[in-house]
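This report describes one protein chain for a reader who has not seen it before. Please look at the sequence and the model first.

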Amino acid sequence: MPEVTNELMFELLKCVHHEIGELRQDVTKRELSVMRGHVVATQSDIYGILARQDDRFERIERRLDPRELAEAQRPYEPK
């Protein structure tokens, strides 16, 4: 078994430090990727909701037929 010296300990600590740094980068990249995925999913959900609201609004407009409202009519007088 080799003799444990300060130089050997220093070299081992440098290797461990380097590996921890690489691991930290991998974890950070993975976390950013997950966050990006959540943002994209949320954005697509919002666009889906907006599209449904737009469809509903168009259906309401078709049912009300706003062109009829553009014609001259008597003002509304509550009884």
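Which residues form a negative surface patch? The patch consists of Asp54, Asp55, Glu58 and Glu61. Patches take residues with over 30% relative accessible area and no salt bridge, like charges being joined within 9 Å. Asp and Glu count as negative, and the place of a charge is CG of Asp or CD of Glu.

The model is predicted: local features need pLDDT of at least 70, side-chain atom pairs count only at pLDDT 80 or more, and totals for chains, interfaces and linings use all residues. Residues are numbered from 1 along each chain as its sequence is written, and side-chain values use heavy atoms, with hydrogens and water left out.

The chain has 2 helices and 0 strands; helices (H or I, at least four residues) and strands (E, at least two) are DSSP runs, numbered from the N terminus. Glu61 lies in helix α1, residues 6–64.

The structure has 1 salt bridge, meaning a side-chain nitrogen of Lys or Arg within 4 Å of a carboxyl oxygen of Asp or Glu. Lys14 pairs with Glu11, their closest N and O atoms being 3.4 Å apart. Because these residues are 3 apart in helix α1, Lys14 and Glu11 are separated by about one helical turn.

| Residue | Relative accessible area |
|---|---|
| Lys14 | 42% |
| Glu11 | 40% |
| Glu61 | 34% |

Buried residues make up 1% of the chain's 79 residues.

Key
Patches are made of residues with over 30% relative accessible area and no salt bridge: like charges are joined within 9 Å, nonpolar side chains (Val, Leu, Ile, Met, Phe, Trp, Tyr) within 5 Å. Accessible areas come from the Shrake-Rupley method with a 1.4 Å probe; for residues, only the protein chains shown count as cover. Buried means under 20% relative accessible area, exposed over 50%, partly exposed in between (1.4 Å probe, protein chains only).
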